[in-house]
Structure formats: structure tokens, C-alpha cells
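This briefing concerns aromatic ring pairs and charges placed over rings. Please consult the sequence and model below while reading.

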Amino acid sequence: MDMCGIVGYIGKQNDPRIGLEALKRLEYRGYDSSGIALFDDEKNAIFAEKAVGKISELEKKVPWDAIRGSCLILQTRWATHGAPSAKNAHPHIDCKRNIYLVHNGIIENYKPLKEKLLRKGHIFRSETDTEVLPHLIEEYAAQYTLEEAVRRALQLVKGTYGIAVISKKDPHKIVAARMASPLLIGVGNDEYMVASDPSAVLAHTNRVVYLEDGDIAVLTKSGFRIADLNRKAQERQAHEVEWGLEEAQKGGYAHFMLKEIYEQPEAIENSIRGRLIQDEGMARLGGLEPVKARLREIDKVRIIACGTAYHAGLVGKYMLEEYAGIPVEVDFASEFRYRKPILDKNTLAVFISQSGETADTIAALREAKEKGALCIGIVNTVGSSIARDTHAGVYNHAGPEIGVASTKAFTSQLTVLALLTLYLGRPRGMSYVFGERIAKEIVRLPQFARLILRQNNQIKKIALKYKDYANFLFLGRKYNYPIALEGALKLKEISYAHAEGLSAGEIKHGSLALIDKNFPTVAIAMKDSVYEKMLSNIEEIKARGGPVIAITTTGNKKIEGVADDVIYVPKTLEMLSPIISTIPLQLLAYHIAALRGCDVDKPRNLAKSVTVE
């Protein structure tokens, strides 16, 4: 099935636009198709509609003024099983058109279930794995309540799901269930919502209850109750979401991505607030206090993540090895389980994820826990799966990140890794003098970020010059090698230009063959321990006619004689320079994509939170 967003509403209001507005705030999770099912009280029937494409297509098709109902479910889809089409869009229904269901996840055993249901005479209308769910529920719905039918159906299912279900025969309730797929209940005044993500409910309430694996919730106008798959009642604590609705909106920027790039000074400030003891050169990470004793015994670190978070982990490796003296390996979460990772009780496994719902990372976390490793999370979303399932962790406090391409979450992750380096390094022999120096420089990072953002217009001019090139090379060394990977990823994911990141020392081992006048290079050449080597790499590229954009330290005017275009960034400690050097690359990618007319916040084929493997 899908990596997508689901919404349900039940309460005192009967305007279905409530659901539409909530769904729009989840569009970044998927936007191949969308749909709505609503219990129309006057007609005592369920109205349903689906549309292919963005949510605006659904908005055009539904007669919003002609329908009224206070119990509705919606979904925006990102396809994995079954192509984007009207028949594959959600909600899915049973044979008798009584049961309507929206789903996020994958039903792994759908083929044998579907074969069994077909033999019983069920009629399937789509190619999706999801459709087995309403038919399974139909099997039990004649003799049981909706929630009991859902429970019995789910006991036959293997896989992941966040679902919301309504039924014509059992009206005025929404049944929701979760297994390894994000789902929460928004608790308002005489109104309740179910959603994949807090941003969907913030117009109505900032109080949310996160469902846990195996939970089945029943929502009515008068309240909700939660039980597990064995009918045992469950108490779940309500959380207050830290950010307001306006923070989840664009705030006057052309795109969420640009807004989030500009929010980085504040996001870094929020990531360090209350966590630095500057005059002692120490970090205070309250979320790690419960495991402080075990952290002293750690003799190796595994950092596990995907995509941009993986690049943050690569920088973390340099930081922790150089200043905390601990050997570190960094793994793609998607590869981690498929080799035989050697972990034990003295291994610290660090899981980095903006959403805290990344399916591959959650699977790797389960593996690491089984092998006895101490598992901590660096997560932005409070109450998310990784935040709950790790032994301890550190929240980013970066606020909601809506743009699919991660920006402020990345610089926040790097900042938290710098704090973790202090936290682990000081008890392991990092000197007070160096600890204090790192702490002082961390405090200056937000101001440095603001200085770079002031160069936005100049970076836009450079983007205008390079916007039509088809291929780009990004080069860096040491701490800025992962930033070359990240710069390339940002450009390709939002502008669709081909880009690759490379360790600059590797260019002579094959990739130099690509360089000509049509193949520009972005070189991260800070005045640091590897600057001279970077300079000679730039000269090699220039000798072969390749255009060069250099990112370098303020005051380094000499580089202008070598590079075609130069972006200057403030001087900071080498270990913190990636936090600064990545911002111009984000702006460069953003402007190239925007100038090419790309949908920057919703790049094709991608979704924000990868909640399926």
C-alpha cells in the first residue's frame, strides 16, 4: 500500500471542509490521489468521492455545500501497491458498500487473504493490498460491532497499518487502529480527530494521544476509548503539541522549504536551549540521564539512519571519533538488518530520524534492541515511534518540517550530534579548555546562520547562472565530505538535475573523466586542515574546463582567482563547519529548483516521511 496521510473527524461540527483542511496539511506525506467518505446524517447514507492527483483535484469534485456530516474519514495517497488511479485511491469499501476504510502501511500477507476472500465470493475493485481490509471486516460485520469486526479482521493481518474505518450499519463512530504506522487522536472540545500527524489536528486542538502498536480506538462524539487486540482497555497519556498551527503554515514564504531554511537560526537555538553549561564546557542532555551509567560503559557507537539523517550521522562519526575517542560506524538503516551487525551491551546505537516514523530505522532499532545494544534516538517529532521505542533520546525541538527536502531538521541533527560529542567526550578525556571552546562556538552558530541567510540574493544570482545545467559534482573532504553528499541530494531531489557528492580525494579515481565545460562542480573548501588539498582538487577541475562554485571561509579572497563563483561563510571550528556550510547549498538547490519551475515542497515520486520499507 501506501505511505500517506489519513484523517478522521467526529464531533459537533458538520461541515466536511474540516476534514479537507486537515488533509491539506498532510499533503506532504503523499499526493498521488485522495478521497473522502462521510456519513450523511440527513440521507442516512455514506457519501464517498475520490480523485487522482493533488488534494485540489478532490476539492473540485466534491459538492461541499450539498453534503453535511459530522463523521468522516479522508486520505491522501503515495502509491506503492497499485498505480495512482481512481480505483486504487482510498477510501476502500466492502462488497455491500457499508464499510469505508483509509489506510497507511503495507499488508504483507494480502495475497493469501485476497485469494481466500475471492473464493468466498468477495468482489475486489482495485489492485491495492489495502482492499483486503474492508472485505475482512465485512466477514465479521454482520454479527459484531464495527470495532469487534475490525479487531477480528486485524488478527488475521501481517504487516503495518494505521487505519480509520466507518460503517453505514454501525454509524456515528470511527474505529482507528495502529501497527507500526503513525496514528494519533486529537482531543478537542466535543470533537475528536484521528490523523497520521499532529499538523492535521492543530486547527482544532494541540492535545494529542499517540496510539501504540496493537491499539484499537473507538471515537464517538462523546469521547474515545482504546483497547488492544485482545480487548484489554489501554490508558494513553495526552501530549501537548509544542507548535501552533501558524508554524505549520508557510508564513509568507513562497515555499515551506524556503521558510524552513530561514528558520534554521531559531531551530539551532531551540536545539541547544538549556543544554549547554558554557563555563564548564559541558552539555546537559536531560533525555539521556536515565541511561547515564550505561553510557560510561560504551566502547563503540553505531549511528543508523536514512537519507539526510544518514549524512548527519556521517558528520557525527567524525565528531565523536575525533573528540570523544569512540570508534563509530554509520549504517543505512535499510542495509543494517541485512548484514550481521556485531552489537553487544557496550554498543551505543544512535537512531536519527526527523519524523521518528521511518520504517527502515524502526526495523533496525528492533534488531539493535534484540542484540542488547543501548539505543538512543535523535528525533524531531515528540511521541513518535522511535522516540517511544528507544531507551532514551534527545529531541531536536526544530518545529514542524513540512517541505519534503529536509533542511532545518538536518542542521538541528548536526547541532545535537555536537552536543552529544561534548556529553560523551568530556568524561572521556576531552579537556575542559576544548570543551569550553566547542560550547562557545555552538552558541554562535545561530548568528552565523543568519549571516549566511543575508546572502540569499547573491546565491539566487549564482543559481540563475547554473539553473540549466544537467549535471553537477559536489566535492568535500573530512567533515565536509558528508555535506557534499547532502548538497547533491538536495539538488537532485527538488530540481531533478543529476548530482553526485564525492570525497574530493576520490576525483582522480574515475570521476574526473566526467568534467568538462558543461559539468559544474560545487566545492566546499573551508580554510581548515584539508584546505590545501581541496584547492589542488579545484585546480584539477579548472584545468579541464569545469566551472567551479566554491564555498569558503570569509576573508579567503585568493580563491576568487581559481573559482568562477564564491560564497563566503563565517569561520567556526572545523567540527561545526558542516552546520554552516550546508546552508548555502540548501539555498542553491532551492533557487535552482524554483527557477526551473519545480514543485519544491512536493518533489515528484517522493514523500516526506518514509513509513514503509
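The structure, a predicted model, holds seven aromatic pairs. Rings of Phe, Tyr and Trp (its six-membered ring) pair if their centres lie within 6.5 Å; planes under 30 degrees apart count as stacked, over 60 as edge-to-face and the rest as tilted. Local features need pLDDT of at least 70, side-chain atom pairs count only at pLDDT 80 or more, and totals for chains, interfaces and linings use all residues. Residues are numbered from 1 along each chain as its sequence is written, and side-chain values use heavy atoms, with hydrogens and water left out.

**Aromatic pairs involving helix H9**
- Tyr 310 and Phe 332 are stacked, at 3.8 Å centre to centre with 20 degrees between the planes.
- This pair links helix H9 (residues 307-323), which holds Tyr 310, to strand S18 (residues 328-332), which holds Phe 332, 22 residues apart; helices (H or I, at least four residues) and strands (E, at least two) are DSSP runs, numbered from the N terminus.
- Tyr 310 is buried at 12% relative accessibility, whereas Phe 332 is partly exposed at 39%; buried means under 20% relative accessible area, exposed over 50%, partly exposed in between (1.4 Å probe, protein chains only).
- Tyr 318 and Tyr 479 form a tilted pair, with 5.4 Å between centres and 45 degrees between planes.
- Because Tyr 318 lies in helix H9 and Tyr 479 in the loop between strand S22 (471-476) and helix H16 (481-495), the pair ties together parts 161 residues apart in sequence.
- Tyr 318 is partly exposed at 28% relative accessibility, while Tyr 479 is buried at 1%.

**Ring cluster**
- Tyr 466, Tyr 469 and Phe 472 are linked into a cluster by ring pairs.

**Charges over rings**
- The charged end of Lys 527 sits over the ring of Tyr 531, 5.2 Å from its centre; the criterion is NZ of Lys or CZ of Arg within 6 Å of the ring centre and within 35 degrees of the ring normal.
- Arg 604 lies over the face of Tyr 496, 3.9 Å from the ring centre.
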